Structures are given as structure tokens and as C-alpha cells.
2 protein chains.
Amino acid sequence: MSRLQRLRQSLTQQELDVLIVSQPENRRYLSGFTGSTGWLLISASNAFLAVDFRYVEQAKKEASDFDVVHVKGDLVNWLPKLTSDLGFKKVGFEADQVPFAIYQQLCKTVGDGHYQIQLIPTNGLVESLRVVKEPEELKFITEAVKLADAAFDHAKSIIRPMVSEKEIAWELERFLREKGSEPVPFDIIVASGSNAALPHAKPSEQVILENKPVVIDLGARVNGYCSDLSRTFLLGDEDKTFSKIYDIVLGAQLTALAAIMAGMSGAQADRLARTVVEEAGYGDAFGHGLGHGIGLGAHESPRLGPNSLDLLIDGMVFTIEPGIYIAGWGGVRIEDTVVMENSRVKTLTKAEKIANVC
Amino acid sequence: MSRLQRLRQSLTQQELDVLIVSQPENRRYLSGFTGSTGWLLISASNAFLAVDFRYVEQAKKEASDFDVVHVKGDLVNWLPKLTSDLGFKKVGFEADQVPFAIYQQLCKTVGDGHYQIQLIPTNGLVESLRVVKEPEELKFITEAVKLADAAFDHAKSIIRPMVSEKEIAWELERFLREKGSEPVPFDIIVASGSNAALPHAKPSEQVILENKPVVIDLGARVNGYCSDLSRTFLLGDEDKTFSKIYDIVLGAQLTALAAIMAGMSGAQADRLARTVVEEAGYGDAFGHGLGHGIGLGAHESPRLGPNSLDLLIDGMVFTIEPGIYIAGWGGVRIEDTVVMENSRVKTLTKAEKIANVC
């Protein structure tokens with residue numbers, strides 16, 4: 001069944017006449033439109049893509065299954081009238097996407113204009129379709145994973161003492177782009193020494209030093225689809241703390257990779273890895289979740305974390321990335337991108353897990 | 001007066017006990033914190049920065065004027081309790097930033113938890129401070145403008161027939177980054193021939209052809225601050241339509257640069273350029289606004305467009321970018337980044353306005 005058909009089933013279940021889709025990845029997923037601004041209006045029998053002047057031509061090219069409507073001015077100036085003119089009454093909108101101010105303006109206009117429409121907040125209708133990947137989507141993600149793997153191989157060959165984090169991060173970004181990645185899905189992290197204690201460190205002028213941990217976290221993008229890869233290693237082999245921490249994180253990751261099964265919740269998956277870290281005495285140092293879904297978004301459903309009720313099922317693609325962070329010393333994170341197949345995790349990432357580069 | 005002091009004056013005027021700031025550029029402007037997630041809580045005598053585990057260390061480093069609070073879980077789990085514990089009653093939030101779903105959850109929790117707080121939507125409190133640039137901000141923008149100028153010079157030297165839009169766009173991005181730009185503020189546009197009719201074209205495999213218009217739109221980023229530059233030219237000199245359209249757009253741009261004065265509205269400024277385009281018979285082909293403010297955001301206040309009531313005053317930095325787009329043929333856009341000084345527009349952009357490259 002096509003993506004639109006599946007969404008229309010949700011509309012029927014939710015008793016909506018039309019759903020307004022404004023979340024960028026949802027919009028692209030359903031329509032193919034890649035512009036920065038636009039609204040889908042999807043009903044049982046219609047599929048409109050409303051865009052402003054800048055995107056009319058592009059929308060017609062990219063979203064051939066949609067009727068392109070050229071709209072002018074703010075949403076509030078055209079949406080109530082357009083939906084009302086089309087005879088829609090129950091109008092769903094993406095509640096986690098639409099700002100409160102826009103909702104307020106729409107309500108006021110609906111009231112003032114005596115439009116017979118009702119604004120109904122919805123949650124995750126399109127996200128729940130996106131969460132299980134189609135073969136073509138998996139192909140693009142796999143290509144993005146391969147690019148990330150190649151970039152990590154490149155990293156091993158260029159990292160040497162006294163080169164700055166920033167220089168290496170840029171060289172990896174350049175490599176990814178020149179090998180075919182679209183603009184990278186997130187700023188590349190190269191964090192050395194105590195900077196590695198910051199899970200989301202920004203590459204700095206700090207130079208790589210021997211016998212200090214180096215965390216590299218990077219991703220590529222192919223046809224909109226992302227990959228995400230982290231590796232940590234020591235340039236040298238003289239840090240006993242590093243070996244110990246590395247082995248705990250690797251153990252936690254391998255445990256999760258081996259034991260996660262379809263039907264578990266995101267919290268149960270997280271627990272598998274967290275138990276390993278906790279039993280080694282570093283529970284407090286693993287302060288983030290185990291992983292996140294990945295696709296058109298660099299972070300999307302499902303979420304793997306202590307409180308996540310998301311159910312893991314076949315066809316989902318997500319990361320598994322335990323970490324330990326110690327202020328002043330540094331940190332270790334090991335992350336793969338995986339797909340759930342035949343009720344088990346299949347690791348897409350092939351980059352070597354290597355603790356020491358000499 | 002410091003940024004926080006000025007914001008506190010607004011809080012007093014709006015009778016707010018505390019303002020929650022979640023818009024990324026607003027957060028950075030007030031605190032210096034550059035992470036992707038975090039919430040400022042600003043009252044008459046306190047300034048907190050609430051972040052999750054990933055950002056605790058970074059927040060302490062970057063936001064030295066703020067007390068860093070380590071929070072766990074969703075906003076709804078900690079914000080009502082934290083504000084209530086601190087004794088705040090009237091809690092302002094950024095209505096154009098906070099999604100409706102979050103607002104709903106907060107309201108429910110406030111009700112359920114019997115917290116004595118009141119959620120009050122606010123609009124543009126921090127944006128209205130950001131709109132007039134301080135000398136240091138202008139310095140960073142000027143550096144970003146110089147990088148963009150240098151990239152355009154580079155473009156002229158590398159553009160030749162049969163090279164693809166994508167190759168040129170990437171070469172310009174590489175140039176900007178290697179000359180010192182942070183990740184570029186928006187995807188670079190290189191649009192040739194009929195693609196130039198798309199105001200927000202994506203670079204494609206289409207190769208540059210002689211005697212077809214080429215639009216280049218690029219920007220740099222320095223210390224968070226952006227620049228924005230567009231130029232259009234013909235590789236060759238054999239297209240009579242091009243010369244005509246180019247001269248109209250250039251005339252419209254020069255008119256705006258010469259005539260915009262402090263005290264005008266964004267609509268009045270837009271009108272100056274639009275009249276030139278309309279009188280030449282191409283009014284319908286200039287479908288976007290004349291320009292937009294620029295700073296930490298690539299697009300921010302003020303807005304220069306047909307319906308903009310934004311008042312233009314000294315210290316504002318914005319773009320002036322009229323364009324004419326003709327489906328099937330192509331388009332012309334000429335864009336400078338300018339600052340309002342002594343009630344007049346001062347052009348920061350120095351890139352040559354050249355109609356033909358041979």
C-alpha cells in the first residue's frame with residue numbers, strides 16, 4: 001500500500017477530513033518535495049501541496065502526485081479559507097510541529113471568519129508510517145552508512161598528534177561530500193582528551209595528543225537519508241583507564257547488539273546495555289539514551305532510552321550508542337547504525353572497532 | 001545596558017516573573033550557549049540555563065553568566081516544578097517557538113500538579129533586542145560578508161561551460177569553509193538556465209551553458225553570524241532578454257539602496273524596488289519580498305516585503321534582493337547585505353555586480 005493510502009487509513013480512524021502536514025521530513029516522505037517551506041493537505045480523495053512563489057516550480061517537479069497550490073502570505077491568511085472552500089470540517093494538524101502562536105492565530109481567524117472548521121491536534125500520524133523502512137529507504141541508509149564507514153577509515157589514516165580537532169573534522173566533512181554525501185546531517189564531532197567528556201562536543205583548536213581518547217561522531221546523507229557512526233580510540237596505548245572504560249562500553253554495545261529483539265520496548269533495549277555499564281560502576285556516567293531512530297531525520301522514532309515505550313519491530317533502523325563520560329578525563333562512545341530484521345538487530349555499520357591507533 | 005538588563009526591562013513591562021527562552025538563536029544571543037537543546041529561565045534576579053546530561057559541561061564553559069541546571073526527561077517533567085519551586089507565578093514562553101503539543105502537556109501538568117503558575121505566551125521579546133546589532137555583532141557579520149565576497153570572486157574564476165551546478169556549489173562551499181567560515185548558513189544555490197527561474201533552486205547535475213543566466217546565492221558564518229549574497233550573470237553576451245531583465249533588477253536594487261531611509265516600514269522599502277519592477281512590466285515575476293534581517297539567524301527580523309510593518313532603524317542589518325523569475329527561461333536576483341547607519345543604507349557587500357563573464 002502506498003504511503004498516502006496508509007496515511008488515509010489513519011485519517012479515517014481519527015475521523016479527520018483532512019490532515020495538514022508541515023513537518024519537513026514528513027512532507028518530503030509523503031510528497032517528495034524537498035523545499036524548506038510548504039504544507040500538504042491530505043484528504044480521502046485529495047492531495048494538495050501549498051507553497052509560496054519561491055517553490056511553485058520546484059513543487060510541480062518534485063511532487064508529481066500532488067496538486068500544487070500557490071499561496072500568498074501567512075498560513076492564517078489562506079489556510080482557514082482554503083480548507084473551508086474545499087468543504088473540510090475536521091482539520092488535523094501536527095501538534096508537535098505547529099507553534100502555539102500559529103494555533104492561536106488560526107483559532108482566532110476561524111472564529112472571526114465564521115469558518116465551519118474545527119482544528120484537531122494530532123500526534124505522530126506520519127512519523128508512525130516512517131518508522132518502518134521500505135527496501136528503497138534501507139538502500140539509501142545503507143549507502144549513507146558505507147560513506148560513514150569510509151570516512152572513519154580515512155580518519156584513522158589522517159589522525160596524528162598535534163593536528164587540531166577542527167582540522168580533522170573539516171577533512172572528514174570534505175571527504176564525505178566529495179565521496180557523494182549530501183550536506184552532512186549534523187556537525188561532525190572530533191573530541192580529544194577532556195573534550196571527549198562532552199557527548200556533543202564541538203571541534204575546537206585543541207590538538208590531538210598521544211595517549212588521550214579521541215571520539216569521532218559523523219554521518220552521511222544520501223537522497224535525504226542519514227547514517228550515524230561513533231568510534232573512540234587512543235592514539236598510542238598508554239592509558240589504563242582508557243582500556244578499562246573502552247571495554248565496558250564495548251561490552252555494553254555488543255550485549256545490546258546481541259540481545260535486542262523485536263517486541264522489546266526502547267526502555268528494555270536500553271536496559272540491556274545500561275546494566276553492563278551500571279554493574280561496572282559507571283551508571284551515572286552514561287547519561288544519555290542508548291540510541292535513536294534514523295532515516296530522513298538524523299534523530300527520529302523509535303527512541304531507545306530509560307523511559308521509552310516505543311516498540312521495536314522489524315524494519316526499524318536505529319543507532320546503538322552507549323557511552324561513558326568522565327569530566328576532566330574524557331569519554332568513550334561506540335555507535336553503530338542497525339536495522340531490525342527477522343526479529344534481531346543486523347548491524348549495517350562495518351567500521352572497525354579499534355581501541356588503539358598507533 | 002547588557003542584553004539581559006534590556007530583556008529584564010521587557011519582563012517588567014509585560015509583568016512576567018520569568019521568561020523561558022528556547023529559540024536557539026535567542027538562547028545563544030543571551031547566554032553564549034551554542035548547544036542544540038537548552039532552556040533559559042530569566043527573571044529579575046536570576047539567570048538559569050537548563051540542559052540535559054549531554055550539555056552540562058559545555059553550558060558551564062560557554063554561559064558563564066548563567067547558573068547551569070542539569071535537567072532530566074521531557075520539559076513537562078521538570079519545568080512546572082522548577083519554576084514553581086523558584087517561586088515564579090507568571091511564566092512567559094516563546095509562543096512562536098513552543099509547539100502546541102508541548103503547551104498542552106504543560107497546561108495539563110500545571111493543572112494536575114496544582115502548581116500555582118500561569119503560562120503566558122509572548123512574542124518577539126528577545127528578537128526585538130537582536131534586531132539592532134552591537135558593534136561586535138556588526139564586526140562578525142562584516143567578516144562573513146567578506147568571505148562571501150571572496151567566494152563570489154572565486155566563482156567567477158571557476159565557472160566555465162559544461163561544469164555542473166553541483167560541482168560549482170561544492171567548490172564554493174569548500175572555499176568558504178577553508179577560508180574560515182563555520183558551516184554555511186544555508187545550502188548554496190548555483191542555478192543555471194531555466195533552473196534560475198526557481199528562487200530556491202537546488203544545485204543539480206545540470207551543466208553551465210553559454211549564454212544562459214547563472215544565479216549564485218551563498219553565505220558565510222563567522223562566530224554564528226551570517227552573510228547572504230546573490231549575483232547573476234551570463235557566461236557570454238548573447239541573450240537580449242538577459243540584459244533587459246538584468247538592468248531592471250539592478251535598477252530596482254540600486255533604487256532601494258539609494259532611497260531606503262530610517263523610519264520607513266519594511267513595506268515602504270519593498271515598494272521602492274517593486275515599483276521599478278512593476279513599471280517595467282514584470283511585477284508578477286517578482287514574487288518574494290525585497291529582503292530580510294540577518295544576524296545569528298540567516299533569516300530574522302526585520303522583514304522587507306509588501307505587508308511588513310517592521311520599522312527600519314539604525315543598526316539593523318538586512319538584505320536587499322529583488323529578483324525576476326520567468327518559468328522556462330531563467331531568472332535574475334541581485335542581493336547585498338546592508339546595515340542602516342545614519343538613517344541610510346550602507347552596503348556591506350563589495351562583490352562586483354557584473355552582468356557578463358566572458
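Which residue in E13(A) does A:Gly291 stand opposite? In this predicted model, the residue opposite A:Gly291 is A:Leu304 of E13(A).

Strand E12 of chain A covers residues 291-293, and strand E13 of chain A covers residues 300-304. The two strands pair in the antiparallel sense, with three bridges between them.

## Strand E11 of chain A and its partners

Strand E11 of chain A spans residues 229-235 and is mostly covered, six of its seven residues being buried. Strand E8 of chain A, residues 213-218, runs antiparallel to E11(A) and is joined to E11(A) by six bridges. Within this pairing, A:Phe233 of E11(A) is the residue opposite A:Val214.

E11(A) also pairs with strand E19 of chain A, residues 356-357. Here the strands run parallel, and two bridges join them. A:Leu234 has A:Asn356 in E19(A) as its bridge partner.

## The contact between chains A and B

Between the two chains, 34 residues of chain B are in contact with 34 residues of chain A. On the side of chain B that touches chain A, helix H3 (56-62), helix H5 (100-112) and helix H8 (165-178) of chain B each supply at least two residues. H5(B) gives the most to this side, with four residues.

By residue class, the side of chain B that touches chain A consists of 15 nonpolar, 12 polar and seven charged residues.

Definitions and conventions. Residues are numbered from 1 along each chain as its sequence is written. Chains are lettered from A and ligands numbered from 1 in the order in which they are written. This is a predicted model: local features need pLDDT of at least 70, side-chain atom pairs count only at pLDDT 80 or more; totals for chains, interfaces and linings use all residues. Two strands pair if DSSP finds at least two bridges between them. A residue is buried if 20 or more other C-beta atoms lie within 10 Å of its own, exposed if 12 or fewer, and partly exposed in between; C-beta atoms are placed from the backbone. Two residues are in contact if their C-beta atoms, placed from the backbone, lie within 7 Å. Ala, Val, Leu, Ile, Met, Phe, Trp, Tyr, Cys and Pro count as nonpolar, Asp, Glu, Lys and Arg as charged, and the others, Gly among them, as polar.
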